[in-house]
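Me: I'm new to this one. Can you walk me through it?

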Amino acid sequence: MELVFKNFQFLLTGAYYTLLLTVVPMFFGLIIGIIVAIARLKGNVLVRNLAKGYVSLIRGTPILVQIFIVYYGLPDFGITLGPLTAAFISLSINVGAYLSETFRGAILSVPNGQSEAAFSLGLTPWQTMRRVVLPQAARVAIPPMGNTFIGMLKETSLVSIVTVTELLRSAQLLVAQYYVAMPFFVAIALMYWVMSVSFSFILNRIEARLAKAY
């Protein structure tokens with residue numbers, strides 16, 4: 001384990017990029033997910049079908065293929081992206097499709113009487129969605145959203161294939177340098193575990209606070 005301690009700072013840098021590749025796509029994925037969920041529930045026929053097609057396409061194809069399309073495919077059309085940018089875009093698009101289903105189910109779980117009561121008080125459909133439906137839906141969405149978040153944390157390892165130096169790529173570079181594999185892979189496994197447990201704890205606290213609020 002001496003080599004691990006010697007290169008711990010390098011592994012921490014990889015962990016930083018892993019966290020960045022988790023938090024940033026989750027942020028944009030949340031926005032995409034909410035928009036797509038509302039589009040499927042409230043949009044016209046064209047908007048609903050477009051949103052449904054997006055979800056079906058993304059969920060029906062491997063995330064690695066999506067990363068390859070963004071990083072290696074777009075240059076065919078004159079769009080060249082850096083590895084980190086391509087990773088952000090592909091992961092955001094992917095997680096947005098899964099979160100849209102989470103939010104759609106959570107919104108549907110809110111009783112219709114809540115919306116009817118809001119309308120009777122003079123709230124517009126947008127105000128009803130923002131002030132009444134979404135806060136209650138958030139409480140239902142937190143547990144599955146937490147699972148998606150932790151899954152995204154582990155799926156960031158896939159972007160090492162496009163040379164993003166996240167945690168797995170950092171370990172691979174150290175293995176190539178020292179010709180020793182086990183200490184580095186055990187170390188990053190523990191680091192992934194610590195990050196997963198930490199995120200689970202934070203999400204459980206958020207869920208508990210929302211449960212008290214509603």
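Me: At what angle do the axes of helix 2 and helix 7 cross?
Reply: At roughly 135°, and the axes come within 11 Å. This is a predicted model, by the way.

Me: Now helix 2 and helix 5. How do they pack?
Reply: Their axes are 5 Å apart, at an angle of about 45°. That makes helix 2 oblique to helix 5. Helix 2 covers residues 8-42 and helix 5 covers residues 83-108.

Me: What is the handedness of the crossing of helix 2 and helix 5, and what are the classes of residue in the contact?
Reply: The crossing is right-handed. The contact holds 24 nonpolar residues, five polar and three charged.

Me: Let's zoom out. How many helices and strands does the protein have?
Reply: Nine helices and zero strands. From the N terminus on, the order reads α-α-α-α-α-α-α-α-α.

Me: What does the C-alpha trace span?
Reply: About 70 × 45 × 20 Å along its principal axes.

Me: What share of the residues is buried?
Reply: Buried residues make up 38% of the 214.

Me: And what share of the contacts join residues at least 24 apart?
Reply: It is 76%, counting contacts between residues at least 6 apart in sequence.

Me: How many residues are in the largest nonpolar core?
Reply: It has 44. Leu-11, Leu-21, Met-26, Val-159 and Leu-167 have the most contacts inside that core.

Me: Which helices supply at least two residues of this core?
Reply: Helix 2, helix 4, helix 5, helix 7, helix 8 and helix 9 each do.

Me: What does Val-159 touch?
Reply: Leu-21, Ile-67, Ala-87, Leu-91, Val-164 and Glu-166, leaving out residues up to four places away in sequence.

Me: Different spot. Is Ser-115 buried or exposed?
Reply: Buried, with a relative accessible area of 18%. Ser-115 lies in helix 6, residues 112-120. Leaving out residues up to four places away in sequence, Ser-115 touches Thr-128 and Val-133.

Me: Where is Gly-53?
Reply: In helix 3, residues 45-59. Gly-53 is partly exposed, at 36% relative accessible area.

Me: Now the loops. What is the phi of Thr-163?
Reply: Near 70°, a positive value in a residue other than glycine. Thr-163 sits in the loop between helix 7 and helix 8. With 44% relative accessibility, Thr-163 counts as partly exposed.

Me: And where is Tyr-179?
Reply: In the loop between helix 8 and helix 9. Phi of Tyr-179 is near 60°, also a positive value in a residue other than glycine.

Me: Why does Tyr-179 count as exposed?
Reply: Because its relative accessible area is 74%, and exposed means over 50%.

Technical notes
Residues numbered from 1 in each chain as written. Predicted model: local features only at pLDDT ≥ 70, side-chain atom pairs only at ≥ 80, totals over all residues. Heavy atoms only, no water. Axes fitted to C-alpha atoms, helices over the stretch in contact; angles between N-to-C directions. Helix = DSSP H or I, 4+ residues; strand = E, 2+ residues; numbered from the N terminus. Parallel < 35°, antiparallel > 145°, perpendicular 65-115°, else oblique. Left-handed = near helix turned anticlockwise from the far one by under 90°. Nonpolar A, V, L, I, M, F, W, Y, C, P; charged D, E, K, R; others polar. Core = buried A, V, L, I, M, F, W, Y, C linked by side-chain atoms within 4.5 Å. Buried < 20%, exposed > 50% of the residue type's maximum accessible area, 1.4 Å probe, protein only. Contact = heavy atoms within 4.5 Å.
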